[in-house]
Amino acid sequence: MPEVPEVEALREFLDGHLVGKEVARVLPLSINVLKTYDPPLTALEGATVSGIERHGKWLDIVAGGSGLHLVIHLARAGWLRWKDEFPATPPRPGKGPLALRTVLTGGDGFDLTEAGTTKRLAVHLVRCPFEVPAVASLGPDPLDEAFDRDALAALLAGERRQLKGALRDQRLIAGIGNAYSDEILHAAKMSPFKPVQNLTDDEITVLHDAMRTTLNSAIERSRGVAAGRLKAEKKSGLRVHGRAGETCPVCGDTIRSVAFADSSLQYCPTCQTGGKPLADRRTSRFLK
């Protein structure tokens, strides 16, 4: 799933490709993609894009003059693909991964696609982005200048969850998902199962530093990369996530994985858990 670095890179890409251009039409091509009906998508026709914003993992295309926001969540298998031109024949709804097409008056634009059978990509056309409940409930952005070490400490005060779950909670901190929570905890040398309430003041400082460094480094790697190559860029920069069985680039130990019902986490035992493999939640016993 695209997280803060990839969505921020997409925001920058669209800022350079969309802003100042006029929308000709927006075509929903999947029955599940559009989550709102008032105002209709036709209200965007003739509107000029005035800005691109990001709310956690959500993209927000602002249509100046109309006061409308096209708010997009790419979910796990969604992506944005820029097109300099489109085929003359209109696409057929419900065929293949194409979910929504936005065409500009100059003939260029973008497609939203979603692979697989589980369709979670979401598009909302609203007058204010905070009309989208998931956007309204987001926690602070970890890249915000105001999100300093003390702000993180205040958020974590009273938490009783494990670190991995807390970092992924969009209502606590916006934009960090499964991949970058693994990367942040590896950089901080902390177990994903460590209880938040057990963090010391020094460990909160380390966690904050790891969070900012990891996310900012990923953004720098992604900056200037074409939209279609951002997913590959994300994978190439990950040190532990998705690399179970490979060698830890820091200590040389073997990266291990813990599987859950619909996801998994990866970690390095030497760097993060004192050399002790974590319990796989499917078996509730320590791996040997």
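**Sheet, buried aspartate and nonpolar cores**

Strand β6 (residues 98–104) pairs with β7 in the antiparallel sense over five bridges; two strands count as paired if DSSP finds at least two bridges between them. Helices (H or I, at least four residues) and strands (E, at least two) are DSSP runs, numbered from the N terminus. The model is predicted, and local features need pLDDT of at least 70, side-chain atom pairs count only at pLDDT 80 or more, and totals for chains, interfaces and linings use all residues. Residues are numbered from 1 along each chain as its sequence is written, and side-chain values use heavy atoms, with hydrogens and water left out.

Both strands belong to an open sheet of four strands in the order β1-β6-β7-β5, with antiparallel pairing. β1 (23–28) and β5 (78–83) are the edge strands, each pairing on one side only. On average, neighbouring strands of this sheet are turned by 15° against each other, direction ignored. Leucine 98 has threonine 113 in β7 as its bridge partner. Helix α1 (residues 4–17) packs on the sheet, where it touches β5 and β6, and its direction makes about 25° with that of β5. Axes are lines fitted to C-alpha atoms, for helices over the stretch in contact, and angles run from 0 to 180 degrees between N-to-C directions; contact denotes heavy atoms within 4.5 Å.

Aspartate 111 lies in strand β7 (residues 109–114). This residue is buried, because its relative accessible area is 4%, and buried means under 20% (1.4 Å probe, protein chains only). The side chain of aspartate 111 makes a polar contact with that of arginine 101, at 2.7 Å. A polar contact is a pair of N or O atoms within 3.5 Å; within protein, one must be able to donate a hydrogen and the other to accept it, and residues adjacent in sequence count only if both atoms are side-chain atoms.

The largest nonpolar core has 35 residues, and Leu18, Leu44, Ile72, Leu112 and Val123 have the most contacts inside it. Such a core is a set of buried Ala, Val, Leu, Ile, Met, Phe, Trp, Tyr and Cys residues joined through side-chain atoms within 4.5 Å. Helix α1 gives the most to this core, with five residues. A second, separate core of 28 residues includes Ala153, Ala166, Leu172 and Ile173.

Helix α5 (residues 178–188) is largely enclosed by the rest of the structure, because ten of its eleven residues are buried. Lysine 189, whose phi is positive, near 60°, follows α5.

Conventions: Buried means under 20% relative accessible area, exposed over 50%, partly exposed in between (1.4 Å probe, protein chains only).
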